[in-house]
Amino acid sequence: MSLLTRLPIRFQLILIVMLVALPAAGIIVHNGLQQRNEAVNSARRDTRKLAESIVQEQQATIASALQIMVSLSQRAEIRQKNTAGTTSILSEIHKVTPNLTNIFIADRAGLVWASAVPSKAPFVIADRRYFKNTLASGQLSSGEYIVSRATNRPSFTVGYPLKDEEGKTTGVIAVGFRLEKYAQLLMRSSLPKVAGFSLFDHQGVFLFQGIEPEKYIGKKADPRQFRELLNGPDESSVIARSIAMGDERIITTRKLRLEGEATPYMYLRVGIPVASVLVTANEQMLRNLLLFSFVLAMAVIFAGFVAERSVIARIALLKEASRNLAQGDYRTKVAALVTGSELGKLAEAFDAMAEKLTEREETLRNSEARLRVIFETSQAGIMLVEPGGTVTYANTYLTELFGCTMAELIGSAYPDHIHPSERETGVTQLRRLASGEIDSVNHERRYLRHMDNDFWGYLSGRRLDAPDGTAQGLVFIIVDITDRKNTMIELHQAREAAEIANETKSRFLMNMSHELRTPMNGVLGMIQLALFENPSEKQRECLETALDSGKGLVKILSDILDLTKAEFGTLTILNEPFDLRGAILEVVRILSLEAKLKGLALNCAIASEVPESVIGDKLRLQQVLTNLIANAIKFTVHGKVAVAVTYEQGPSCRPELVCTVTDTGIGILAGKQHLLFQPFSQVDDSLSRPYGGTGLGLVISKKIVERMGGCITFISKEGSGSIFTVTIPYASG
Ligand code: ADP
């Protein structure tokens with residue numbers, strides 16, 4: 001069924017017509033076969049009828065001949081053997097009985113003495129069968145095929161005895177029959193022309209043949225055919241294959257007997273080819289089939305035509321709907337107009353497609369409207385550029401950026417809007433982007449505003465690829481960054497100015513600290529001289545305080561000088577052998593007094609592997625260690641300060657001096673640890689802080705150690721103390 005529905009409608013209709021026509025064709029064939037049967041039966045009946053009429057005719061002929069012969073045998077002229085009188089009687093009778101070929105009378109010796117048909121010479125019939133049988137039987141006897149001696153024509157003769165008073169046979173009256181008459185019977189029958197009949201004598205010699213008699217009369221029948229006839233029943237009617245003709249035939253046979261004779265004297269066979277009988281029925285059936293075929297062909301053509309008309313009309317509707325759809329009219333609907341079959345399904349699919357298109361168009365329209373709003377309200381200039389550089393599309397904001405009208409912008413060359421100083425680079429980038437060498441561009445570019453003014457823009461460019469991979473166009477988005485750019489420039493300039501100012505300040509600071517140190521040393525020298533002049537106790541106290549303050553001031557000046565030197569990179573580091581252990585112990589010894597004053601223990605452990613002498617700057621090492629140990633003492637109230645010195649193999653396989661200064665002091669807040677090593681920064685920078693200092697010690701120490709190729713690290717926990725570690729690569733000297 002599914003296969004049927006997949007066929008085109010025209011074929012479906014034709015198939016239906018054929019299916020309806022099939023039983024009709026069956027009926028026609030069935031009727032035709034019945035007609036053929038009927039034709040055969042009717043032919044069979046006709047052959048029987050013909051055979052019957054021939055038999056009756058023959059029997060009537062025999063009966064009339066017998067009558068004639070009986071009456072002749074009574075005539076005196078014949079009894080007296082009056083040849084003239086008898087001949088006259090015979091010819092009279094012969095005249096009124098045209099069926100008879102001759103009537104003649106022979107004596108016992110067979111000599112014919114009177115004959116209805118005159119003969120030129122007397123003739124003898126002693127050898128004839130009918131003569132011999134009549135003499136022998138004394139009654140009506142049959143003959144066989146002969147050629148009459150009187151008429152010289154083929155004839156079948158019967159004999160009747162002529163008896164005297166005592167009943168003794170004195171002669172034979174013979175009557176010959178004309179056999180052609182049976183041809184008329186055949187003509188009168190309703191059988192077709194090809195029907196025929198044959199009359200045989202007792203030996204199987206053709207007495208007569210319905211078709212072409214002259215070809216057969218007197219000839220012997222096919223012995224097999226005659227044997228069948230001989231051995232067959234007295235009456236039969238069968239359909240059998242003709243031995244003589246070889247075709248299928250309706251064959252009706254009869255045996256004719258004379259009363260008193262043991263064997264039949266004549267055999268009749270009526271035959272007709274079955275094919276000839278069927279001709280009419282076949283023709284009729286053929287005609288019917290032809291007519292049927294014609295009607296069928298017309299029905300098929302009509303079905304095809306109807307199908308085509310209905311299909312064409314529906315296709316026309318679909319076509320019109322398609323055209324409407326192509327023109328953008330998505331309201332077109334055809335499913336209600338085109339129903340059923342594949343076209344109906346197609347129409348439904350068409351409507352569904354139109355529905356989908358409507359939805360999609362709606363979505364597209366909304367999205368386009370959204371994009372347009374974004375496009376037009378964007379604070380960035382957006383444009384589409386052909387790979388060759390021509391501007392094809394732009395938003396209003398871009399016209400403001402470029403300071404031109406939309407009409408001027410569309411169709412203009414993109415490079416013309418670039419500042420001449422950057423135009424060449426811009427053109428190169430456009431070409432690289434269009435050729436696919438690069439996928440996008442993102443950079444700052446200088447553009448022209450109204451051809452005279454200029455502005456800074458940040459350009460983001462992308463290539464739009466066609467399905468075949470070639471560039472369909474380029475999208476450029478330009479954001480005005482002139483303000484930002486100017487701010488950046490100003491910032492840069494400000495920074496440069498600040499750096500210069502800072503440098504000036506540092507230089508001033510350096511010069512100042514240097515210049516201040518000289519008079520301060522003078523002041524300190526004078527105070528020390530004054531102390532040697534036996535001052536009073538009160539004066540000594542004042543002088544010593546002034547000396548301490550002065551030393552503090554010199555320390556600050558030295559620190560500032562070191563810091564500025566470090567910043568300018570002019571910090572000098574010596575490289576000469578010095579007594580390492582002695583240098584460390586010296587620092588510890590000087591500071592142990594201060595520790596003692598605070599009630600703290602200051603331990604120093606120098607590992608045995610630490611060399612006596614190394615190459616380096618002794619004073620700078622002492623400066624760093626002094627700062628770290630002094631800090632440890634300063635920020636420790638209870639407990640101790642421990643200095644541990646080892647000499648280890650560094651990561652670059654260079655021997656390193658590792659000095660750790662551990663204290664049990666106040667420690668450093670985790671949130672403040674990042675401030676260490678920043679110039680002038682102190683964890684507690686309040687004016688009321690309990691610990692003095694400038695906040696320069698660690699910065700200078702770090703810079704010194706770094707200049708020596710080492711580093712300073714620390715770990716500290718508020719309230720638990722700190723550990724500062726200095727690592728300096730030293731070659732033993
Ligand atoms: P100064 O000691 O002159 O203030 P530094 O640069 O030597 O300057 O030290 C900076 C700051 O680091 C100190 O003010 C102090 O807050 C903190 N600090 C340094 N060493 C220690 C330490 N051992 N324990 C606690 N705080 C310390």
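Trainee: With which side chain does the side chain of N102 make a polar contact?

Mentor: A polar contact is a pair of N or O atoms within 3.5 Å; within protein, one must be able to donate a hydrogen and the other to accept it, and residues adjacent in sequence count only if both atoms are side-chain atoms. Here the partner of N102 is the side chain of S115, at 3.1 Å. This is a predicted model: local features need pLDDT of at least 70, side-chain atom pairs count only at pLDDT 80 or more, and totals for chains, interfaces and linings use all residues. Side-chain values use heavy atoms, without hydrogens and water, and residues are numbered from 1 along each chain as its sequence is written.

Trainee: Is N102 buried or exposed?

Mentor: Buried means under 20% relative accessible area, exposed over 50%, partly exposed in between (1.4 Å probe, protein chains only). N102 has 1%, so N102 is buried.

Trainee: How do I read a nonpolar core?

Mentor: In soluble globular proteins, nonpolar side chains tend to be buried together. A core is a set of buried Ala, Val, Leu, Ile, Met, Phe, Trp, Tyr and Cys residues joined through side-chain atoms within 4.5 Å. The largest one has 48 residues; L580, L602, I629, L657 and Y730 touch the most other members. A second, separate core of 40 residues includes L100, W113, A116 and L199.

Trainee: Which side chains of strand β21 are buried?

Mentor: Strands are DSSP runs (E, at least two residues), numbered from the N terminus. In β21 (residues 711–717), I712, F714 and S716 point to one face and are buried.

How values were computed: Helices (H or I, at least four residues) and strands (E, at least two) are DSSP runs, numbered from the N terminus.
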